[in-house]
Amino acid sequence: MTYLLAVSGIYGDVLHECVACRTQKIRYWRRKSFQYTHGDSRKAFDIYRCENCGTGFLNRPPHSKWLQSIYQYSGQALTQATTLADVLDREAEYPNCTVDAARMSRQAERFNGSDNRQALDIGSGFGFYTQALRRVGYQTVSINPGRYENEVFKCLNGDEPLPVMFENYQPSGQFGVVMMSQVLEHLLEPDKAIGKVSGLLAPGGVLACAVPNYASFLVKLLGTKDNACLWVPEHVNYFTEEGLIALLERNGFRIVKVEQITRVPFNALSKRLRLEGRLAAIVDRWVKRLQSPFSGFMNLLGLGIYINLYAVKK
Ligand SMILES: [Zn+2]
């Protein structure tokens, strides 16, 4: 893609401390190369791991200008525009964003101990989180740099997000809820971002965040072939529960709830085995049936695919 070639620097500065807990006990873990689109040459990134909190991160990370050039279109690897109808079709077949948005908004409302009814949706994507926050009674401000996503957002919600990166967002007031779903893993300086979020929240206000789990069974099974968490180079940080908690507590938060979420598309197995027709339908039915106990067990062991965390500003 031309916008990738337009930016000369691929890598940013070398990191000397953990992005989550800030200790210097970090060590090389593995290398992963990526191909953003067909035709691009492959680039290799080194993943480092913190020996204190277990969090992983790219080191050297991608250059900020290069990441921004990707995110001005999409944070979800969209390489062309999509429509609300297509997004809603996918949600109808495999409910995902709508379920997460409704659950996280309900929880945020439950934990918001301030009387502030303003919510900030950082990295608002297609707009399902903003929609859910409005449904539980919040006025919202949404920010998202992705042009393709913002067009869908407008069709869904009627207004438009501020098309900026969170680093460049200049707030005018305080919030009772800040939503960060699938955002922290994309940010080059998560500590700085959480410090800024802390300053934006009214005392008693709540941060609801969701990140992929670096300790998930997918990473353990697939290693660097996993793309839910280790999606290089868009995901630059790979959090563990321990790392995420350390990051928030250092920035003036009290953790009120941590839970893990595991959802695998019911047709993932039949697709991978290249099954068709009746056989695919039978396998899909069994996956649907076994999914709930399997997911519950993985979450219980701390091996779930996503971490959801709620933290109150002290
Ligand atoms: Zn650490």
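Helices here are DSSP runs of H or I with at least four residues, strands are runs of E with at least two, and both are numbered from the N terminus. Hello everyone, and thanks for coming. This is a predicted model: local features need pLDDT of at least 70, side-chain atom pairs count only at pLDDT 80 or more, and totals for chains, interfaces and linings use all residues. Residues are numbered from 1 along each chain as its sequence is written.

Let me start with a proline. Pro61 sits in the loop that runs between strand S3 (56–58) and helix H2 (64–71). Is Pro61 buried or exposed? Pro61 is buried, because 23 other C-beta atoms lie within 10 Å; the cut-off for buried is 20 or more such atoms within 10 Å, exposed is 12 or fewer, partly exposed is in between, and C-beta atoms are placed from the backbone. Setting aside neighbours within four places in sequence, Pro61 touches Gly12, Leu15, Leu188 and Val236, where contact means C-beta atoms, placed from the backbone, within 7 Å.

On to helix H9, residues 241–250. Seven of its ten residues are buried, so H9 is largely enclosed by the rest of the structure. Those buried residues are Glu241, Gly243, Leu244, Ile245, Ala246, Leu247 and Leu248. And what do they pack against? The partners are strand S2 (43–50), helix H7 (190–200), strand S7 (201–212), strand S9 (253–261) and strand S10 (306–313). After H9 comes Gly252, with a positive phi near 85°.

Now a helix pair. H4 (residues 97–111) and H5 (residues 128–135) pack at about 40°, with axes 8 Å apart; axes are lines fitted to C-alpha atoms over the stretch in contact, and angles run from 0 to 180 degrees between N-to-C directions. The two are therefore oblique to each other, given that under 35 degrees counts as roughly parallel, over 145 as roughly antiparallel, 65 to 115 as roughly perpendicular and the rest as oblique. On the H4 side the contact uses Cys97, Thr98, Ala101, Ala102 and Ser105, and on the H5 side Phe128, Tyr129, Gln131, Ala132 and Leu133.

Finally, the whole chain. You can count eleven helices and ten strands. Of the 314 residues, 40% count as buried. The C-alpha trace spans about 55 × 45 × 40 Å along its principal axes. Among contacts between residues at least 6 apart in sequence, 75% join residues at least 24 apart.

Thanks, and I'm happy to take questions.

Key. Contact = placed C-beta atoms within 7 Å.
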